[in-house]
Amino acid sequence: MRRFNWILIFTCFIVRSGATQELLSLEDALAIAVKNNYDLKIAGNNTVIAEKQAGTLNSGYLPTLRASGGINYAEENQSVTFADGNSTSIDGAVTESYNASVTAEYVLFDGMERKFNQDKREENVKLSTLQERQQIENTIISVYQSFFNVAFQKQVVENLELTIENSRIRFLRAQKNIKYGQGTSLDVSNAQVDLNNDSIAYFEAVRDLNNLKRNLNLILGRAIETSFKTDTAIRFSPIENMTELINEAQQNNIQMELARQNLYLSDLDINISKAKFLPKISGSGAYRWNESQNPPTSFALATETSGINLGLSLSWALFDGRNVTQTQTSRITQENRRLEREKIKREVNTELLNAVETYRIAAKTFEAEAKNIETNELNFRRTEKQYSLGQVTSIEFRQAQINLFNARNNYTRAKYDLKVAEVNLRQLAGLLLD
């Protein structure tokens with residue numbers, strides 16, 4: 001009896017401790033994840049990096065401008081013999097020189113390599129944006145699944161609370177019956193064992209619920225121990241036109257879009273490797289100034305020069321084995337990505353048809369479980385009434401109790417499975433973010 005009272009007290013404590021938790025809706029969870037999820041932040045930063053690399057400053061179309069300057073000082077002992085036979089010697093002869101220059105260089109023509117490289121950087125921005133979208137979709141799916149796992153486990157806990165209450169009433173009734181000579185000690189023992197087992201299952205369910213909440217908080221990118229309750233309301237968006245959905249997948253599915261983008265990038269890689277075989281023409285211009293102060297042993301005691309220098313250069317790699325290898329490798333990569341696109345196309349079609357079948361079965365299962373729970377609730381009420389009148393055994397009552405518990409859980413699971421099937425189907429069709 002002491003154990004029974006302890007279980008009831010502990011159960012009540014758990015229920016009351018959760019009464020002050022905040023209510024978290026699915027929409028709130030999605031908003032928090034989009035704002036805080038670490039994977040999404042990393043994906044967003046990668047997109048910013050790609051945008052920086054595709055900017056004008058990194059395009060190669062701007063000239064290179066450099067400034068330089070220097071000063072040299074020398075103090076030497078010099079001995080000089082001139083052409084007329086005269087000679088002179090100076091100890092500590094000082095030589096000073098100064099120079100400064102500003103140089104500009106610009107590539108006039110590089111076989112279109114610069115253009116193709118810039119095109120590739122801009123297409124990399126699109127690729128990074130698609131990868132960010134993929135991460136958003138994956139995060140949304142993770143939030144849905146984790147949120148519904150928490151919601152389902154919450155429902156299991158609530159169902160166990162009802163089961164414990166029914167077991168408690170049964171236990172008290174068995175005690176009352178034996179008091180008035182209408183029952184046996186075996187009925188009391190069975191009732192107590194079932195109550196204890198239900199309470200243990202409840203504690204384990206609460207533990208699992210808390211673990212699932214921590215997993216959800218991790219996905220949401222917030223403090224792991226944040227306490228909350230989930231809103232179990234579900235809004236379905238029925239999918240009617242499956243044919244149109246399948247057609248949408250060919251254009252909007254994120255895996256298909258990534259495959260097409262990677263194939264286009266491989267085309268640009270081939271163009272870049274081809275451009276390396278063409279000549280390069282560069283122009284340069286510079287303004288230079290030089291001044292020097294020389295010792296008496298020099299022919300000129302001081303010199304100063306300044307002016308503009310212009311230049312034009314052409315280079316042509318007539319043969320470079322690395323360029324040949326790069327071109328061959330780029331063509332093989334292009335073929336691999338073409339094969340990957342066809343493979344992904346088949347995989348997406350397969351996954352989509354499987355998802356359609358899963359969705360249809362989930363919808364039928366949900367309807368069946370809705371009817372099943374009504375039947376089990378009616379059966380339990382009848383059995384409960386008959387048990388109170390002594391018309392059925394405690395074993396029959398217990399079975400009706402277990403059937404009702406399972407029916408409630410199956411209904412809840414079917415409800416969330418249907419919503420997850422719907423969300424997965426929309427993701428495969430590329431319509432999740434719509």
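Helices (H or I, at least four residues) and strands (E, at least two) are DSSP runs, numbered from the N terminus.

Colleagues, the model above is predicted: local features need pLDDT of at least 70, side-chain atom pairs count only at pLDDT 80 or more, and totals for chains, interfaces and linings use all residues. Residues are numbered from 1 along each chain as its sequence is written, and side-chain values use heavy atoms, with hydrogens and water left out.

I begin with a pair of helices. Two packed helices are described by the angle between their axes and the distance between the axes. For helix 2 and helix 3 that angle is about 45 degrees, and the axes are 6 Å apart. Angles under 35 degrees count as roughly parallel, over 145 as roughly antiparallel, 65 to 115 as roughly perpendicular and the rest as oblique; helix 2 and helix 3 are therefore oblique to each other. Where contact means heavy atoms within 4.5 Å, Ala33, Val34, Lys35 and Asn36 of helix 2 meet Tyr38, Leu40 and Lys41 of helix 3.

Between helix 2 (26-36) and helix 3 (38-53), the loop holds Asn37. Is Asn37 buried or exposed? Asn37 is buried, at a relative accessible area of 7%; the cut-offs are under 20% for buried, over 50% for exposed and partly exposed in between, with a 1.4 Å probe and protein chains only. The side chain of Asn37 reaches the backbone oxygen of Ile219 at 2.8 Å, and one of its polar atoms lies 3.1 Å from the backbone nitrogen of Leu40. Leaving aside neighbours within four places in sequence, Asn37 is in contact with Ile32, Thr139, Ile219 and Leu220.

Four strands form an open sheet in the order 2-3-5-6, with antiparallel pairing. Strand 2 (64-81) and strand 6 (302-315) stand at the edges with a single partner strand each, so one side of each is left without a neighbour in the sheet. On average, neighbouring strands are turned by 15 degrees against each other, direction ignored. Two strands pair if DSSP finds at least two bridges between them. Strand 3 (residues 87-109) is joined to strand 5 by 13 bridges, and Ser101 has Arg288 in strand 5 as its bridge partner. Strand 5 (residues 280-293) is joined to strand 6 by 14 bridges; there Ser284 stands opposite Gly311, and Gly285 opposite Leu310.

Two loop residues remain. Met112 is found in the loop between strand 3 and helix 4 (113-179). Its phi is near 75 degrees, a positive value in a residue other than glycine. Most residues other than glycine have a negative phi. Met112 counts as partly exposed, at 39% relative accessibility.

Finally, Trp316 lies in the loop between strand 6 and helix 8 (321-388). Not counting residues up to four places away in sequence, Trp316 touches Phe277, Leu278 and Pro279. A polar atom of the Trp316 side chain lies 2.8 Å from the backbone oxygen of Phe277.

Notes:
Axes are lines fitted to C-alpha atoms, for helices over the stretch in contact, and angles run from 0 to 180 degrees between N-to-C directions. A polar contact is a pair of N or O atoms within 3.5 Å; within protein, one must be able to donate a hydrogen and the other to accept it, and residues adjacent in sequence count only if both atoms are side-chain atoms.
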